[in-house]
Amino acid sequence: MGKFVMKTVKSGIKFDLKAGNGEIIASSEVYSGKASCENGIESVRKNAPVAALEDQTAEGFAQQKNPKFEMYVDKAGEFRFRLKARNGEIIAVSEGYKAKAGCLNGIESVRKNAPDATVEVLEG
């Protein structure tokens, strides 16, 4: 089972969504406070299972409505995804994947893990 791990960083607080094996599958922006970070987690829980996939690596891709996962290639040539909420805000992003299949697996992992993931708060 997955879990959201909230942790304090220099400029605020952020979360990582980890799969059952402990791998980070998505991360948030840095929030100013704990409450807004918790709202971000709830947004991922709510939006991930119903989000459409917009494959921006495909030529002539079809634009999807929010909420959606946007899959794209970064400057380093790696595949990444970002999850956008209904209002168009980016609520979670992935690390880079060498292969498109790995990125698609990451999206499926977020869909599967986010709704029931527990929340762990790291102090310090």
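The legends below describe close-up views of charged pairs and cysteines in a predicted model.

**View 1. Aspartate 16 and lysine 7 form a salt bridge.** The closest N and O atoms of this pair are 3.4 Å apart. Aspartate 16 has a relative accessible area of 3% and is buried. Lysine 7, at 30%, is partly exposed.

**View 2. A salt bridge joins aspartate 55 to lysine 100.** Their closest N and O atoms lie 2.7 Å apart. Aspartate 55 belongs to strand E4 (residues 52-55) and lysine 100 to helix H2 (residues 100-113), so the pair ties together parts that are 45 residues apart in sequence. Aspartate 55 is buried, its relative accessible area being 18%, and lysine 100 is partly exposed at 30%.

**View 3. Lysine 68 and glutamate 70 form a salt bridge.** The separation between the closest N and O atoms is 3.4 Å. Both lysine 68 and glutamate 70 are buried. The two residues belong to a network of salt bridges that also links Glu54, Arg82 and Lys84. A search of the whole structure gives 12 salt bridges. Side chains of opposite charge can pair when their charged atoms come close.

**View 4. Cysteine 37 and cysteine 103 are shown as buried residues.** Cysteine 37 has 0% relative accessibility. The relative accessible area of cysteine 103 is 0%. A disulfide is a covalent bond between the sulfur atoms of two cysteines. The search of the whole structure finds 0 disulfides; the cut-off for such a pair is sulfur atoms within 2.5 Å.

Conventions. Residues numbered from 1 in each chain as written. Predicted model: local features only at pLDDT ≥ 70, side-chain atom pairs only at ≥ 80, totals over all residues. Heavy atoms only, no water. Buried < 20%, exposed > 50% of the residue type's maximum accessible area, 1.4 Å probe, protein only. Salt bridge = Lys/Arg side-chain N within 4 Å of Asp/Glu carboxyl O. Helix = DSSP H or I, 4+ residues; strand = E, 2+ residues; numbered from the N terminus.
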